[in-house]
Amino acid sequence: MIRRLVTALVAFACLALPAEAHRLKLFAQVTGDTIAGYGFYIGGGRPEGADLVVTTPEGKEVSQLKTGEDGGFSFRPPTPGRYRLTLSGGDGHFASIDISTDGTPAAPSPTTVTPAASAVPVDLDARIAQAVDAAVARQIRPLLKAYDAADGRVRFNDLVGGLGWIIGLAGLWAWFRSRRSGHGS
Amino acid sequence: MAHIPDGVLSLPVLAAGTLAGAGGLWLGVRQLGDRDIPRTALLAAVFFIASSLAFPLGPTSIHLLLGGLIGLMLGWKAFPAILVGLLLQALLFGFGGLTVLGVDLANMALPGVLLAMAVRPLISAAHPLRSAILTGLAAALAVLITAGLVGMEIALSEPAFAPAVGVMAAAYLPLSIMEALVTAFVTLYLLKVKPEMIGASAMIGANP
């Protein structure tokens with residue numbers, strides 16, 4: 001049952017790696033059998049009223065919702081399983097992640113069909129494990145959020161670094177030109 | 001906005017856009033003389049900063065593009081300037097993909113360069129107001145054409161992600177007004193101070 005948390009972490013890792021090149025990012029976490037999260041823009045801002053489409057990994061549409069004021073959403077899938085969330089800002093920005101609510105790896109291999117487990121297990125151990133999962137997920141949620149936000153921030157240092165690059169390139173080009181035309185010798 | 005992620009565009013769109021970007025870049029680098037280097041670098045820096053700072057607006061977020069202004073001040077040399085800005089944004093912030101760099105470059109530079117070319121003969125220090133209005137209109141139109149190009153490319157490649165016209169209009173119309181104002185004021189200022197920076201005749205009183 002701790003696997004559910006691991007799954008969320010794996011999903012988060014998958015989100016962090018290829019989502020690098022996207023301007024709109026999507027953060028989602030599984031707590032119990034609910035998927036909750038939010039979209040955000042690198043550089044600041046949350047997409048309000050953006051379309052979020054929930055599909056199965058095979059692409060079958062499960063649900064369609066809109067993000068709230070802070071770009072947030074919450075969704076309880078009909079059966080536990082793997083889902084793909086795609087957020088579209090409506091102007092060509094979009095982000096998508098895979099997430100799993102039943103402990104199976106969220107990422108690629110869409111071959112096995114997982115049996116629909118009952119949401120509330122009957123035996124006590126499983127229920128305790130589920131409660132612990134939920135508590136741990138709740139506790140580390142701010143950390144994950146902070147990490148993701150830090151990952152996608154336009155940092156002042158980077159801006160200044162970019163300016164340095166531009167000055168350096170201009171200098172390089174000028175030096176190259178001066179060598180070619182012989183002004184430097 | 002206008003920074004398209006990797007893996008969205010279909011191959012024909014990608015090829016056509018990259019060719020357009022490379023063509024403009026070739027023209028620009030060919031014109032890049034020794035004396036143009038500082039100005040080109042300066043505008044590359046302006047573009048890099050202005051288009052890195054995005055402001056949230058409803059379901060999307062907007063940032064300045066300044067394609068019209070850069071096209072006006074640099075002509076085809078806008079291509080190398082914007083390329084450097086885009087490359088740094090892709091590497092430092094992950095704005096837009098590296099494989100679509102040529103497409104993004106064409107989207108952002110081409111409308112500004114062509115429109116600036118069209119209005120440049122009508123700009124003169126003798127008619128600052130008319131010149132400013134013209135450059136403002138060119139800048140606004142450049143933004144809208146960039147938006148149209150981005151929308152068209154995504155719609156052609158991935159119809160599921162086709163931008164909603166309403167959202168596009170809501171995001172790009174205020175942006176085009178902002179850019180028009182910025183460009184018009186910069187034009188007014190440059191016509192007074194350094195008209196040759198925007199390719200206008202330096203002689204006050206000369207007819208266009």
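Student: What makes G21(B), F79(B), I82(B), L83(B) and L86(B) residues that L105(B) touches?

Tutor: In this predicted model, contact requires C-beta atoms, placed from the backbone, within 7 Å. L105(B) touches G21(B), F79(B), I82(B), L83(B) and L86(B), with residues up to four places away in sequence left out; each of these pairs is therefore within that 7 Å limit.

Student: Which residues touch the most other members of the largest nonpolar core?

Tutor: That core holds 91 residues, and L105(B) belongs to the group that touches the most other members, together with A44(B), I70(B), A78(B), A81(B), I82(B) and A109(B). A member must be buried, with 20 or more other C-beta atoms within 10 Å of its own; L105(B) is a member, so L105(B) meets that cut-off.

Student: How many residues does each chain bring to the contact?

Tutor: Chain A brings 35 residues and chain B brings 38. On the side of chain A, helix α3 (residues 156-181) gives the most, with 13 residues. That side comprises 16 nonpolar, 12 polar and seven charged residues.

Student: Why are β4 and β7 of chain A called edge strands?

Tutor: The open sheet has four strands in the order β4-β3-β6-β7 (chain A), with antiparallel pairing. Both β4 (61-66) and β7 (94-100) pair on one side only. Neighbouring strands here are turned by 20 degrees against each other on average, direction ignored.

Student: How do you know that β3 and β4 of chain A pair?

Tutor: Pairing requires at least two bridges. Strand β3 (residues 51-55) and β4(A) have five bridges, in the antiparallel sense, so the two strands pair. For D51(A), the bridge partner in β4(A) is K66(A).

Technical notes: Residues numbered from 1 in each chain as written. Chains lettered and ligands numbered in written order. Predicted model: local features only at pLDDT ≥ 70, side-chain atom pairs only at ≥ 80, totals over all residues. Core = buried A, V, L, I, M, F, W, Y, C linked by C-beta atoms within 7 Å. Buried ≥ 20, exposed ≤ 12 C-beta atoms within 10 Å, placed from the backbone. Contact = placed C-beta atoms within 7 Å. Helix = DSSP H or I, 4+ residues; strand = E, 2+ residues; numbered from the N terminus. Nonpolar A, V, L, I, M, F, W, Y, C, P; charged D, E, K, R; others polar. Axes fitted to C-alpha atoms, helices over the stretch in contact; angles between N-to-C directions.
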